[in-house]
Amino acid sequence: MVNDSIESEIRQALDAKAHEVEVPADLAARTLQAAAERSRSSLRERLRVLRDSQRMRAPATGYPRWMYSGAALGTAILLFAVGTLVTRDPSTPIATSSGEIEAQSDAPIQEETALSDDASGRSSQSGKDVDAEPGDSSLVAPGGDLPNQRQSAEEVAQVPPATRPGPGNIPPKVVRTAEIEVEVRSFDSAWNGANSIAGKHDGFVTNSSTEQVRDERGRGTLTMRVPAPKLQGALRDLRELGTLAHQRTRGEDVSSTLVDLAARIKSLEAEELQVIELLNRTTRISEVLEIRNRLDNVRQEIESLKAQEKVYKDQVDYATINATIFEQGAAPDDDPNDGILADAWDTALEIGLTIVAGTVVVLGGLIPLAALGLAIWFAVRAIRRRRNAPAE
Amino acid sequence: MDEATERAMTMLERWVRAYQPVVFRAAYLILRDTQAAEDVAQETFIRAYNAARRADPGDEVRAWLYRIAVNTALNEVRRRKRERAAIGRVRPEDGFDPMESSDRTSIVSEAIDKLPDRLRVAVICRYFLDLSESEMAQVLKVRPGTVKSRLHEARRLLAGDDALVGVAGTTG
């Protein structure tokens with residue numbers, strides 16, 4: 001009862017007190033106007049609040065923010081580069097500046113076989129270099145041992161894919177050259193054997209030289225020509241002189257060059273006949289001299305082209321082998337002054353290229369991540385702002 | 001003006017007509033200052049309007065508006081307390097000087113004014129705004145039991161106020 005009385009009195013008192021003041025007549029209008037103005041300026045207000053909050057959040061001490069960002073980016077790049085170097089498979093092919101893919105191996109025996117286009121640029125299908133080394137499964141039959149693999153690689157490389165025997169394919173004219181380095185126990189006997197290999201395969205030696213290098217160890221280079229079909233046999237015999245250190249076989253397809261030469265010769269020969277006929281009908285001395293002059297030029301051109309054709313045909317018919325025979329410790333690339341700096345340069349170049357590539361990858365990868373992070377940041381910020389808004 | 005803003009503005013007009021006088025008076029009771037009450041009455045509805053643009057306030061608009069109003073007023077009370085404390089360090093605060101009045105209603109009103117803020121606001125919420133105890137618990141951010149105890153303490157203090165007792169003695 002007392003409570004009810006008190007409550008009633010409190011209500012009356014509060015009501016009376018509250019009605020001591022009049023609600024301003026324009027309060028509602030002012031409120032609505034203020035709300036409308038607030039909504040119009042809300043964007044500007046939000047930007048101001050954002051700027052203020054950023055100012056408040058800015059670190060009072062320490063380094064500028066861009067330094068932190070730069071340090072973070074640099075750390076990411078460094079980590080990527082180190083990770084790439086640590087995890088990279090050493091046997092992974094490295095692209096060289098010429099665009100070839102050069103296979104590297106720690107194996108002591110390195111063998112390469114290549115076939116390239118001629119200068120006039122025949123079909124690109126037949127012009128690709130083909131490198132082969134022991135274990136290159138793309139060029140050998142499954143299950144073959146090392147000698148068989150070598151043989152398979154060479155045999156396959158001899159025949160460009162587009163000109164392998166097949167319906168409508170004309171046998172290509174390929175100039176073959178080979179480089180081979182063989183380490184032998186006894187230089188003198190091996191050198192004699194190497195010189196006899198050319199004759200054994202119906203070829204001939206065009207150049208040879210020998211020298212004594214460190215500790216009177218023998219080393220000789222030999223250039224021989226053998227009929228193209230017998231190239232592999234000659235190489236095999238050379239390999240059998242000792243231990244193969246390096247072999248590289250190249251094939252240059254000159255088919256288009258020969259076809260072009262033949263066509264130009266045929267055309268010039270036809271022209272020569274016409275000039276001769278014209279000469280026979282001409283009686284005036286001045287014209288005779290002029291026509292003879294022209295006939296001489298055509299004949300000279302025909303001879304030149306035929307000489308070129310002959311050289312090409314000779315190169316096609318006879319392969320060239322550049323052989324190096326050496327005793328242990330006298331290998332051509334054993335010069336101690338040559339290796340360290342070259343290796344250091346190669347390593348430095350490789351690391352530099354890897355870092356540049358890694359940087360490109362990191363920057364490229366950061367773009368979508370940055371966009372995602374920005375979106376998340378905006379979302380989190382919006383949620384926080386709602387939560388932190390004054391309790392309403 | 002986008003659709004959400006237009007809808008919020010429509011709601012704001014309705015809320016201002018229905019609730020702003022009560023909010024203004026409640027703010028006046030809490031702050032005992034007409035100008036401050038006007039500010040609170042405006043700020044309350046602008047806050048409500050901004051919130052309504054972002055999300056639907058739901059059906060319990062009345063309690064929600066009162067909650068905003070009381071919180072806004074309490075913020076102002078706290079701000080004034082800080083100001084008074086700062087001034088008080090320089091110039092001692094004048095004591096409470098109730099109006100001379102023999103009117104019982106005025107005496108009760110003055111007795112309410114003498115209550116601590118936490119009790120005074122509870123009284124205003126309960127007996128002027130007619131908020132339920134659960135609504136008060138939300139507004140004041142305390143447990144319902146605390147609301148009950150505050151109201152009980154407020155009533156006990158008011159019932160035992162010497163001025164009230166004296167007036168009751170002379171009038172009764």
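**Chatting through chains A and B**

Guide: Let's start in strand β6 of chain A, where Gly220(A) is the bridge partner of Thr210(A). This is a predicted model, in which local features need pLDDT of at least 70, side-chain atom pairs count only at pLDDT 80 or more, and totals for chains, interfaces and linings use all residues. Residues are numbered from 1 along each chain as its sequence is written, while chains are lettered from A and ligands numbered from 1 in the order in which they are written.

Visitor: OK, and which residue is the bridge partner of Gly220(A) in β8(A)?

Guide: That's Ile325(A).

Visitor: How many bridges are there between β6(A) and β8(A)?

Guide: Nine, and β6(A) and β8 (residues 318-327) pair in the antiparallel sense. Strand β5 (residues 204-213) of chain A also pairs with β6 (residues 217-227) in the antiparallel sense, over nine bridges. Two strands pair if DSSP finds at least two bridges between them.

Visitor: Is Leu158(B) buried or exposed?

Guide: Leu158(B) is buried, because 21 other C-beta atoms lie within 10 Å. This residue is found in helix α7 of chain B. Its C-alpha atom is 7.1 Å from that of Ile112(B), 46 residues apart along the chain.

Visitor: What angle do α5(B) and α7(B) pack at?

Guide: About 100°, with the axes of α5 (residues 117-127) and α7 (residues 144-159) 9 Å apart. That makes α5(B) roughly perpendicular to α7(B). Axes are lines fitted to C-alpha atoms, for helices over the stretch in contact, and angles run from 0 to 180 degrees between N-to-C directions. Under 35 degrees counts as roughly parallel, over 145 as roughly antiparallel, 65 to 115 as roughly perpendicular and the rest as oblique.

Visitor: Which residues meet there?

Guide: Among them are Leu119(B) and Val123(B) in α5(B), and Leu151(B) and Leu157(B) in α7(B). Residues are in contact if their C-beta atoms, placed from the backbone, lie within 7 Å. The residues of this contact divide into seven nonpolar, no polar and four charged. Nonpolar means Ala, Val, Leu, Ile, Met, Phe, Trp, Tyr, Cys and Pro; charged means Asp, Glu, Lys and Arg; the others, Gly among them, are polar.

Visitor: And how many residues does each chain put into the contact between chains?

Guide: Chain B gives 35 and chain A gives 28. On the side of chain B that touches chain A, α1(B) has the largest share, twelve residues. By class that side has 22 nonpolar, seven polar and six charged residues.

Visitor: What's the pLDDT like in chain B?

Guide: Chain B averages 80, and 82% of the residues score at least 70. pLDDT is the predictor's confidence in each residue, from 0 to 100. Over residues 91-101 of chain B the pLDDT is below 50, and residues 167-172 of chain B stay under 50 too.

Visitor: What are the ipTM and pTM?

Guide: The model scores ipTM 0.79 and pTM 0.38.

Technical notes
Helix = DSSP H or I, 4+ residues; strand = E, 2+ residues; numbered from the N terminus. Contact = placed C-beta atoms within 7 Å. Buried ≥ 20, exposed ≤ 12 C-beta atoms within 10 Å, placed from the backbone.
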